[in-house]
Amino acid sequence: MSASSSSLESLIHSLIPQSRNDQVVFNDLVAHCSDVLSSHIGQSRERDIGHLADLVKRRLVQSRPDGVSSVQFANLLSRLLEQPVLSRKYDSILFLHSLASSTRTPLFTPSFLPSLAPSPPISSKHTPVVSPIDAASAAQPPPQKKLKSKAELLREVRARSGYPQIPELALLRDALYLLQGISGKHVRFATGKDRGTEMSLLFSEDSGYHISTPTKQLIYKLSEVGHLYIRVDHFIREREARPGIGMIEQSLCHHLQSQLTEYYRLIAILESQLNISNAHDQNTQSSQTTMSMEPDIRTEESGLTLRRLDVWVNEWRLRMRMMSVCVEAAKDTHGGALVNLIHSYTENGDPFVRKFTDQLLEEASVSKPFFETLQRWLFSGELYDPYLEFFVSVDPELAHLQYVYPSSLSTGAGIMAGDSGFSGLSADHDDLTGERESGLRLWQAKYKFRQEMLPAFVGEGFGNKESWPIRKSLNFIRYSCHDTDWFATREKMSNTHGTLQYSDIFGLERSIDTAYRIASQRLFDIFFDKFRLLDHLRALKNYLLLGHGDFAEQLMETIGPSLSKPANSLYRHNLTATLETAIRSSNAQKDPPDVLRRLDARMLEYNQGEIGWDVFTLEYKVDAPLDTVLDPDSMVKYLKLFNHLWKMKRIEGTMTKAWVRTASATKAFVRLPELEPEWHKIRLITAEMIHFIRQMGAYCYLEVIECSWKAVMDFVNEKEGDLDALISAHRVYLDRMVKKILLIGPKAGREETLLNQVREAFSLILGFYDATEHFYNLCMTESSRRDGERDQTRGIYTAVDKQMGQQQPEALLNGLRQCKEYGTSFSEKVQVILHALQTHVDLDCRFLGIRLSFSEFYRAKKDSQAQPKS
């Protein structure tokens with residue numbers, strides 16, 4: 001026998017005297033202690049006996065500051081380490097240290113603690129296997145009476161003090177009432193204004209019964225579910241009684257009602273359990289009066305209690321909280337905003353919240369009305385939203401209007417009816433901005449985008465940039481273009497998608513992309529193939545922008561004499577006939593008849609004293625659906641460009657005549673050699689003006705119009721985007737021409753300052769032409785007078801006005817001075833224009849300044865004028 005075994009046996013004999021006489025108990029104790037000593041408990045610690053010794057010394061120093069205990073421990077530890085009796089010295093010291101560190105137990109155990117003595121044997125025929133400790137305790141004398149549990153002792157204390165507790169069964173009944181939103185006998189909801197918003201309970205405690213604080217807290221937790229139930233049920237009943245409730249709110253109410261149905265089923269199960277427990281409790285009480293009066297352990301373990309009731313409704317507490325959140329959100333939001341708010345909880349970190357939200361949006365079909373409306377909006381071109389729940393709404397002022405399609409198209413696709421070949425529309429439609437609603441306004445303003453109703457899972461880019469143009473494209477194809485292939489296009493788009501649902505957002509995006517391409521392609525085909533939009537754009541370029549050079553020359557030649565008359569003497573039918581003559585005399589006659597029918601000539605509103613050049617204009621009339629791209633505002637810009645280019649064309653023709661006149665003056669005025677230097681100066685000024693007007697024309701046609709036209713043609717050839725992209729491309733094309741041709745500046749309120757300078761230069765050129773004509777006539781008169789005087793010297797009599805001969809030199813000087821003044825004013829005006837062009841923000845405008853003075857002519861002229869002043 002080893003030393004450790006002998007020590008263990010002696011320790012057992014000393015601690016448990018009964019083991020000395022009972023060999024079976026002794027053997028069991030030895031085996032039990034050996035198992036404990038050989039176990040691996042505590043071996044995960046680092047076996048550092050020095051560190052453990054330091055811990056023990058610290059504790060001893062705290063208890064005995066004089067250090068005597070610490071010295072004694074060090075002496076005993078050194079002696080223990082030298083002894084080979086104990087092999088697990090570290091574990092022994094750790095065990096003693098743990099005992100010393102634990103809370104000291106009282107010397108006398110209170111009577112209400114459970115006894116360690118074994119219960120009496122159930123039957124004498126079966127001998128149970130007991131542990132050595134139980135066997136040792138059995139040898140002691142048994143207690144005189146059975147000990148009671150803590151709960152029983154607490155109830156006895158309360159009964160003796162005069163405050164008995166309300167039976168739990170009664171509180172359970174009230175708790176079930178509270179779960180249904182009904183006040184009970186002992187616990188009831190507070191009534192008043194705050195009911196439904198803040199939970200408040202009232203406990204009915206009389207002098208004979210008492211409800212403990214922990215029980216009240218537990219009832220408060222249970223009543224939270226009932227309070228949330230009241231809120232949800234009130235919302236459902238209120239929405240059912242309200243007329244005009246939205247489809248999404250109806251789906252939400254239906255789901256909430258189905259949830260409450262399951263909740264009612266749980267309450268019924270709990271009530272059945274309560275009834276079973278109540279009946280069993282009555283049977284137990286009757287049996288306890290005749291038997292041992294001991295509590296039924298089975299009832300306590302399996303019966304319904306407040307604690308178990310709280311566990312049962314814990315999941316429904318979370319459900320009711322989520323349902324209450326939805327209810328509160330539905331009070332202030334509806335439609336797509338409500339779907340968006342519910343969807344926001346799918347990103348919650350709680351798995352229960354995410355699962356409940358997904359179930360609410362997908363399985364409960366709360367989002368189904370939204371997706372049904374979206375499906376009809378996307379693939380049928382129809383908006384059915386009677387309760388204003390969708391992210392698209394209709395303008396009430398335009399809701400009853402559809403895209404206007406001209407009745408004249410009954411004569412042919414895209415051909416306007418009319419007796420006259422160039423009469424255009426009737427006189428009742430002279431104004432481009434009449435009462436008729438344009439296709440562009442209906443396209444842009446009839447349907448409005450509502451950002452607050454767009455769910456986050458759809459996305460702003462998807463809702464505003466893809467689904468929005470698709471629906472408008474389909475509606476436009478159907479109502480405005482009267483496309484006969486509408487049903488084929490709709491069927492083709494319908495085959496690109498299935499049923500839209502919340503769980504397949506990626507599939508929705510793929511379907512939208514495909515439908516977007518199909519609708520856009522069909523819309524482009526209709527505009528460019530059926531309605532010949534490109535022909536109309538080319539017609540605007542050729543006629544209103546004077547791109548047809550031969551047409552512009554013929555029109556200028558035929559209509560010029562008429563426009564020199566006062567504006568009040570002109571008639572529209574004469575202008576229309578002249579326009580028709582110019583078209584038939586040029587290559588414009590080869591254009592399509594539909595284009596020529598839309599071209600018309602008319603006069604603007606005129607003031608007293610204006611001539612035809614000031615009020616004449618061409619116009620190109622468009623109708624639906626072309627007015628969606630060529631809207632009234634765009635046509636007004638085309639008219640501005642035409643008026644500016646028409647003035648340039650007039651000045652160019654005028655200066656051509658002036659150059660012919662001044663070039664022939666050398667031969668005509670042989671008898672006036674003293675005026676030859678002056679006519680040479682006039683020819684220089686004329687050449688300067690011709691250079692100015694031709695450079696302006698080359699800039700407008702080559703640098704602006706043709707380059708902008710190339711950008712439009714690139715977009716048309718690519719055919720990418722939708723109708724909005726087409727409208728945007730045309731606006732960019734037109735705005736670029738307006739900005740560059742009219743030399744619009746960046747400063748607010750002074751955008752047309754440079755344009756006004758150019759128009760003043762045009763006026764100076766026309767004034768110079770009139771002065772030159774007047775001076776030419778004076779020179780012709782003077783030459784004739786001198787020829788008459790010369791004939792008299794030769795004996796040939798001609799009538800000569802002597803008085804006129806005396807006034808002629810003064811008239812010549814005045815005419816020559818007037819020509820010089822116009823030439824000087826023009827040079828100064830051009831210098832002002834060049835200075836403004838040099839500081840212009842547009843690069844093409846700065847290049848125009850370089851073209852006007854490419855040889856630094858005006859800078860040298862300015863320097864020469866400044867030298868005499870210095």
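Predicted model: local features only at pLDDT ≥ 70, side-chain atom pairs only at ≥ 80, totals over all residues.
Residues are numbered from 1 along each chain as its sequence is written, and side-chain values use heavy atoms, leaving out hydrogens and water.

**Overall build**
- The chain has 33 helices and six strands (DSSP runs numbered from the N terminus: H or I of at least four residues for helices, E of at least two for strands).
- Of the 870 residues, 41% are buried (under 20% relative accessible area; exposed is over 50%, partly exposed in between, with a 1.4 Å probe and protein chains only).
- Take the contacts with a separation of 6 or more: 75% of them are between residues 24 or more positions apart (contact means heavy atoms within 4.5 Å).

**Helix 9 against helix 13**
- Helix 9 (residues 213-241) packs on helix 13 (residues 314-332) at about 35 degrees, with the axes 9 Å apart (axes are lines fitted to C-alpha atoms over the stretch in contact, and angles run from 0 to 180 degrees between N-to-C directions).
- On the helix 9 side the residues include Leu 222, Val 225 and Phe 235, and they meet a helix 13 set that includes Met 320, Met 323 and Val 327.

**Salt bridges**
- A search of the whole structure turns up 33 salt bridges (a Lys or Arg side-chain nitrogen within 4 Å of an Asp or Glu carboxyl oxygen).
- Asp 623 and Arg 598 pair up at 3.6 Å, N to O. Asp 623 sits in the loop between strand 6 (616-620) and helix 27 (632-668) and Arg 598 in helix 25 (residues 593-598), so the pair ties together parts 25 residues apart in sequence. Both residues are buried.
- Arg 88 and Asp 91 form another one at 2.8 Å, N to O; Arg 88 is partly exposed at 25%, while Asp 91 is buried at 14%.
- Arg 683 and Glu 676 bridge at 3.3 Å, N to O, with Arg 683 buried at 14% and Glu 676 partly exposed at 29%.
- Shared partners also link Lys 221, Glu 224, Asp 310, Arg 317 and Arg 321 into one salt-bridge network.

**On the surface**
- His 573 lies in helix 24 (residues 572-584) and is exposed at 55% relative accessible area.
- The C-alpha atoms of His 573 and Ala 601 are 8.8 Å apart, for a pair 28 residues apart along the chain.
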